Amino acid sequence: MKKFDVLIIGSGAVGAFVARNLSKYQLDVALLDKENDVGNMTSMANSAIVHSGYDPVPGTNKAKFNVLGNKMFDKIADELDVEFERIGSLTVAIYENQLPMLEDLAKRSEQNGVEVKLLNAEEVKKLEPNINPEVKGALLAPTAGIINPFNLVVHAVENAVDNGVNLFLNEEVVSIETKENGYVVRTRKGNEYEAKVVVNAAGLYSDKIAELVEPVDWKITPRKGQYYVLDHYKLGLVNHVIFPLPSEKGKGILVSRTTSDDYIVGPSSEPVEDPSDLSTDSMTLANVKNQAKDMVPGIPFNQAIRAFSGNRATCTRHDFVIESAPHHETFINLGGIESPGLVSSPAIGEYVVESMIRNMLPLKEKANYNPRVRPYYHLKKMKLEERNQLIKENRDFGEMVCFCEQVSLGEVKDALSRSVPPRSVKAMKKRVRAGFGKCQGGFCQPRILEELAKHYGLDWTEVNYDEENTNILKENVKELK
Amino acid sequence: MKQVDLVIIGGGSAGMAAAIQAYDEGIRDILILEKDARLGGILNQCIHNGFGLTEFKEELSGPEYLQRFVDQVKERGIKFKLQSFVLNITKDKVITYSNAEEGVVEIQAKAIVMATGCYERSAGAIQIPGDRPKGVITAGTAQKYLNINGYLVGKRVVILGSGDIGLIMARRMTLEGAKVLCVCELMPYSNGLQRNIAQCLNDFNIPLYLSHSISKIVGKEKLEKVVVSQVDEKFQFIPGTEMEFECDTLMLSIGLIPYVSLLNNIDCPTSSTRGAIVYDNMETMIDGIFACGNCLHVHDVVDFVTIEGRNAGHGAAQYIKEKEEHGSLKIEVDPNLAYVVPQFVRTPVKEDLTLKFRVRKEIRDKKVVVRHKDEVVFSQVKLVMIPSEMVILTIKKEKLQDITEPLKVSVEDR
Amino acid sequence: MKEMVCIVCPRGCHLTVDDNMNVTGNSCPRGAKYAISELTHPTRMVTSTVRISNRDNMVASVKTSEAIDKSKMFDVIKAVNKMSVKAPCHVGDILIKNIFDTGVDILITKDVE
């Protein structure tokens, strides 16, 4: 049996940052995920926004960790080499009767300690020429930002693994046995892991994992969010993250540029029975379209290249659960971490380690801890000479494999050479963007598949699209039988 | 910066024809930039028969057809670079490309021919209701895996869309051991050639369901089944018409879209085909940048791509030799026509004018008329015109000598 | 009387053959020939691919030199799948001579260096 000091269940944003914070210390840490890649559930399918924190109810965990987390992002994006831009958000009032709500929001922002500014219609139109001309005013939150959420999680785990954390993918936890001074965690594949402290960061399944140890007074009631992605085109459709006024259901349907110069529109919010149900439906998407057009009438939906959905780990407590299990202090439940979960995750990771685990285990710093990932290659941002120097050293950076997103073979091989390498076509897409563009992988998928097969020594029929047993190719029909 | 007279972006059928034509008109300093490891573009994977009837008066497979042009390119010593991807072009015709040998290179061209082809509309673009499992793939990608690499993507297949690639793939996959359960088509007519329905579906008893679409995809990680439903005139699913098919593959043949990112980035005006708006010499609205083939509008028959490529090569050669000032008149179409290429004719008209268009729905026993003011400059009876087939007509230059107003193309009673 | 769509070329003429084997609706003589042959002994061109023994994950395209008995389409594929070629190979190379004694050859249609 493998023995660890701390075992984390779930490698989404929350689990990733708990792992990264633990990797500073001389501890044996295991990070388990049931999926074939890290960050493959909610952390992969969300709005990709670093919220400012103007909106959560003051005094809640959501408010606290959102505001703390937001402040950490400049440093984190730098250390983890993740695309991040503080473009600011505008919460817009289109109708006269919404103006008082804007003012309430401004007060709430003040209570949360978030810098905001109320703008009149003229000021809004100046910042956002494509906004609905009926706009009456808006709340500007300059600290809001956009981030590449795929890279955030992958790089955080990579950094944790570089600093000694052990990652186990395709390990679904099915039972947890409580022992004196620890736990035995069993997975579907029959493996056992012993740990002194367990952190439950299982997102949509966090209530089920919690109940493996003891009953809790909260439950996950997932809510689905459906989105559109529009292909990149001339910048300037919107310059900020545009929100409607929030409602009980959430922050509403936003319109924003992404760090890859696409545009994202969504999400809807509807309850869903099965946390793994990622289907989309035309009625809901039509509704997303209409609500977005209410704010930005000219959104070119004919440029839509994908509709997708993600499920939020909404919780009956309507706040983040960040606490030990009722009778097991060393079993830490991190549940109900829906929006603003992504922005909160670094702060939650720090809190869990420094304010909770510190009381359970001796934390001795590692001498060789390195907070930075090995730098990534950002070809598009390089100067011509710089880029040519790189190609001279490694010709693979001159050969393009994804045409829509302009990804080179060098970047594909670099991803494979890292400590959390992609194991599937989709995992590669999350890392280098090959397949995210307008052809949706139609052109580059065979090439990516070839590189994965080469790297792992697999037959082409063994390369998966995503999970284990999702091989893209069924049969080599020309093989001699 | 290196100077080149003519740079051709894309070494498929259109690009090679343009290069050969320009060479034969005296342009020697030509460079073809091809992103893939071979010349020939999409024809490399179109191993079926039926290409070349217009060009060579014989039926060739795609690879045979393209090889004849590769040979012509090589005979002339026209320069080409493979695995060389164009990252960017400017209105001033500076081209930035990248490859492994040279790195990122900027060159200045006198003229550019865009021959970048098209891409397949994906599942994301049409938002099929239901799950997002592995097993949904576009027909062209499945074709590449089968015809270039030798792999079947699945053994039980439902095809959405009756475009030609889908029909051709229905036959190819059947012959190689897969079971194609059905082809469903949203429209009340097929988008493929009649002969492909006959020899790719009927020969193998594969049912074609017109006015049907996929109402649900089922399968969490892997595709398990699809639900096919009939649609009404407004393309809404009709309850009670559901048919379930257990399958491991849903193959999409739902349309091709001109690949024009480079032109979009320099604000080149485009038409409803999503390709560039062009004059009759295939010059876009940006001086010295020409376009031809499937990046201009999606063709049904490759021979016509070749002809259009030559037209662009001719236009570019003339432009390089002697840039002429000219006027222009618009070519307008009535609502029966989905589009026309070219959209403008240069004046004075010095060459016969070829117009290409598609109709929006099947039209039987009418005539196509081109008018200048009230005068009929062209008229031809068409027994049948269908959306899946491009219509080509040529107007004699003599008829167009004194034109001063837009030309109008219309479909009228005989 | 029998109706059919001509498959000789992409044009796809709608052909009608009466009981005396008179063909109408064709735009060229090949259409008439096709219609008669379709009713008497239908044939098809078959295209497929063959393994390249000295290349991984790459096949070369092949075709029948002329249309072959429709009933033999699957047999052609089976026969081709038992074969392989060695690169370099060229357009027009013969893979199988006189397959099933039909007088039809199987030809390579792709240049592989």
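This short talk covers how the chains of one predicted model touch, and then two spots inside the chains.

Ground rules, quickly. Residues count from 1 along each chain as its sequence is written, and chains are lettered from A and ligands numbered from 1 in the order in which they are written. Since we have a prediction here, local features need pLDDT of at least 70 and side-chain atom pairs count only at pLDDT 80 or more, while totals for chains, interfaces and linings use all residues.

Start with chains A and B. Contact means that the C-beta atoms of two residues, placed from the backbone, lie within 7 Å. Chain B brings 39 residues to this contact, and chain A brings 44 residues. Which element of chain B gives the most to the side that touches chain A? Helix 5 of chain B, with 5 residues. Helices (H or I, at least four residues) and strands (E, at least two) are DSSP runs, numbered from the N terminus. That side of chain B splits into 11 nonpolar, 16 polar and 12 charged residues. Nonpolar covers Ala, Val, Leu, Ile, Met, Phe, Trp, Tyr, Cys and Pro; charged covers Asp, Glu, Lys and Arg; the others, Gly among them, are polar.

There is strand pairing too, meaning that DSSP finds at least two bridges between two strands. Strand 23 of chain A, residues 475–476, pairs with strand 11 of chain B. The sense is antiparallel, over 2 bridges. Look for A:N476: opposite stands B:Y151.

Next, chains B and C. Here 24 residues of chain C meet 22 residues of chain B. Strand 5 of chain C gives the most to the chain C side, with 4 residues. The chain C side has 12 nonpolar, 7 polar and 5 charged residues.

Among the contact residues are B:M16 and B:I20 of helix 1, and B:L66 and B:F69 of helix 3. This contact divides into 8 nonpolar, 2 polar and 1 charged.

Last stop: helix 5 of chain A. Is this helix buried or exposed? Mostly covered: 13 of its 14 residues are buried. Buried means that 20 or more other C-beta atoms, placed from the backbone, lie within 10 Å of a residue's own. After helix 5 of chain A comes A:G164, with a positive phi near 110 degrees.

Methods. Buried ≥ 20, exposed ≤ 12 C-beta atoms within 10 Å, placed from the backbone.
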